[in-house]
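Trainee: I would like to learn how to read a protein model step by step. Could you take me through one, giving the general idea before each case?

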Amino acid sequence: MARSFLPYSVFLWVLRVSVMRHWVVTIPLAFRAFLCYISLRGAKMGAKILIVDDDLESLKLIGLMLQGRGYQIIAAQSGLQALSKAVDESPDLMILDVMMPGMDGLEVCRRLRADPRTAPIPVIMFSARTQVDDKVAGFEAGADEYLTKPIHPAELVTRVEVLLARAVRMGKAAKPSVRAKTVGFLGCKGGVGTSTLAVNVAVALTQGAAAGRQVMLLDFRSALGTLALQLGLSPQKGLLTLSERPTGTLDTDTVLANMDRHSSGVMVLGGMPEPLGTLPSMDPPHVEAIARTLGASADYLLVDMGSGLGEINTTLLRLLTYLLVVVEPQRIALHMAQTLLATLDEMEVGRHRIGIVLVHKAPSATTLTKEMMEGLLQREIVGVIPPAPELAFQAAEQGTPMVMMQAQSLVARQLHQLAEFVASL
Ligand SMILES: Nc1ncnc2c1ncn2[C@@H]1O[C@H](COP(=O)(O)OP(=O)(O)O)[C@@H](O)[C@H]1O
Ligand SMILES: [Mg+2]
């Protein structure tokens, strides 16, 4: 009896434990799944939220609160880190602390709005500052929402959901966002070497700093176009064809079909080498549509803007990540550069988005040092190109960019250095 009772009781015990274990394990699992279901209701599944706060505890607290709602969380602990993560991670929304050492949240927000790649990201400013003036400053810097600390989790979550839903609604009608680094080359006047610079930096990018990436070279002026000739390609009517199409039809395939491919891999769209005024000019909506379409698929868009601030260039200014102003270090060009830079200030193109490239075209007797030029122009000089009249001449004759003709020359090395600067933007 005892022999049979023992196994029976053991059997019962095992059964009870296994049932218990079953419940112990499965009930909480089911319950957790249920909680998860409840908490995910209404949340945009997988939406990526970048939380920026110099205080680690705040980061953890907000992070956990939103993670529990099914959001993907990325964190940054400084303004600069926030800006680079905003570009690299393309978050769906940002929660931005205002008071941080170094760059504060207001400056971060202004910079986000000034960069076409990050401008559309919804931003919630989250601050211990509760005064009306603080809120106004936040909205003026470009915030979509201003919340004050401390906050009830339910309120934070609701505001996040509302903003995300609004972004989705607006996104349906939105234009493609520019993900490419879009860099303009603008001469302080004609003939300073702007097109030569744009062509060589484009090729240098594909050779080194951005090897394997999609680099595009554009010129939106229908006439006086020399890009194709400088690259040894025969000029095509691609730009004219695109300007005659309705902007709504300018999708990636259509635009690419009207571009040329250089042996370096650079894709080229440019005007015709014909006299100014003889061809219909592009209108700003077409310029914007083409730049946005290409900017959504390419890695780098380099734009030869020629000179001047006509309507094509003012349209482009809004889309640029960075503007390189091309200056020859001689009296008249420097004068033109000063007036150009003053106008760009009036147009509120942020100074941090502008750099100067000095192009020496002939060995000159200029006594101005780089520092003196920077003082004169009040901008950083990000590139200095040495004179190479013979190489420049041969390159133009043969339709081969200088960086390909003499890759080891000093001028080619300086052009590569500028390409590296562009790649690091
Ligand atoms: N580093 C340089 N040294 C000497 N000549 C140059 C240099 N860069 C450009 N050039 C020459 O300057 C002239 C004008 O160049 P281009 O690129 O057409 O200027 P832009 O586009 O400003 O009108 C061309 O003949 C070109 O070969
Ligand atoms: Mg030119």
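Mentor: We will go from the whole chain to the sheet, then to the helices, the ligand and a few backbone details.

Mentor: Please keep in mind throughout that this is a predicted model.

Trainee: Let us begin with the overview, then: how many helices and strands does the chain have?

Mentor: The chain has 17 helices and 13 strands, and buried residues make up 36% of its 425 residues. If you take the contacts in the chain with a separation of 6 or more, 75% of them are between residues 24 or more positions apart.

Trainee: What does one such pair look like, for instance the one formed by Gln-77 and Asp-53?

Mentor: Those two residues are 24 residues apart in sequence, yet 5.2 Å apart in space, C-alpha to C-alpha. Gln-77 sits in the loop between β2 (72–76) and α3, and it counts as partly exposed because it has 17 C-beta neighbours inside 10 Å.

Trainee: How should I read a sheet, and in what order do the eight strands of the open sheet come?

Mentor: The general idea is that strands of a sheet pair through backbone hydrogen bonds, either parallel or antiparallel. Here eight strands form an open sheet in the order β8-β9-β7-β10-β6-β11-β12-β13, and the pairing is mixed. The edge strands are β8 (260–261) and β13, each of which pairs on one side only.

Trainee: Which strands run parallel to β6, taking β10 as one of them, and where do the residues stand opposite each other?

Mentor: Strand β6 (residues 181–187) is joined by six bridges to strand β10 (residues 300–307), and the two run parallel; within that pair, Lys-181 stands opposite Tyr-300 in β10. Five bridges join β6 to β11, again with the two strands running parallel, and there Val-183 stands opposite Tyr-322 in β11. Moving on along the sheet, β11 is joined to β12 by five bridges, and this pair also runs parallel, with Ile-354 in β12 as the bridge partner of Leu-323.

Trainee: Is β11 mostly buried or exposed?

Mentor: Five of the six residues of β11 are buried, so this strand is largely enclosed by the rest of the structure.

Trainee: Which strands does α7 lie across?

Mentor: Helix α7 lies across β6, β7 (215–218), β10, β11 (322–327), β12 (354–359) and β13, and it runs at about 170° to β10. Helix α17 (residues 410–423) packs on the sheet as well, touching β6, β12 and β13, and its direction makes about 160° with that of β13.

Trainee: When two helices meet, as α11 and α12 do, what should I look for, and at what angle do their axes cross?

Mentor: Look at the distance, the angle, the handedness and the residues in the contact. The axes of helix α11 (residues 284–297) and helix α12 (residues 311–319) come within 9 Å and cross at roughly 35°, and the crossing is right-handed. On the α11 side the contact is made by Pro-284, Val-287, Glu-288 and Ala-291, while α12 contributes Glu-311, Ile-312, Thr-315, Leu-316 and Leu-319. Sorted by class, this contact has six nonpolar, one polar and two charged residues.

Trainee: Which residues come nearest to ligand 1?

Mentor: There are 18 residues around ligand 1, and of these Gly-193, Thr-194, Ser-195, Thr-196 and Ala-392 come nearest. The elements that give two or more residues to this shell are α7 (194–207) and α15 (389–398), and by class the shell has nine nonpolar, eight polar and one charged residues.

Trainee: Why is Ser-90 called partly exposed, and why does Gln-378 count as exposed?

Mentor: Ser-90 is partly exposed because 15 other C-beta atoms lie within 10 Å, whereas Gln-378 counts as exposed because it has 12 C-beta neighbours inside 10 Å, and a residue with 12 or fewer is exposed.

Trainee: And what is the peptide bond from Lys-149 to Pro-150 like?

Mentor: That peptide bond is cis, with omega near -5°, and Pro-150 lies in the loop between β5 (145–148) and α6 (153–173).

Conventions:
Residues are numbered from 1 along each chain as its sequence is written. Chains are lettered from A and ligands numbered from 1 in the order in which they are written. This is a predicted model: local features need pLDDT of at least 70, side-chain atom pairs count only at pLDDT 80 or more; totals for chains, interfaces and linings use all residues. Helices (H or I, at least four residues) and strands (E, at least two) are DSSP runs, numbered from the N terminus. A residue is buried if 20 or more other C-beta atoms lie within 10 Å of its own, exposed if 12 or fewer, and partly exposed in between; C-beta atoms are placed from the backbone. A residue is near a molecule or strand if its C-beta atom, placed from the backbone, lies within 6 Å of it. Ala, Val, Leu, Ile, Met, Phe, Trp, Tyr, Cys and Pro count as nonpolar, Asp, Glu, Lys and Arg as charged, and the others, Gly among them, as polar. Two strands pair if DSSP finds at least two bridges between them. Two residues are in contact if their C-beta atoms, placed from the backbone, lie within 7 Å. Axes are lines fitted to C-alpha atoms, for helices over the stretch in contact, and angles run from 0 to 180 degrees between N-to-C directions. A crossing is left-handed if the near helix is turned anticlockwise from the far one by less than a right angle, and right-handed if clockwise.
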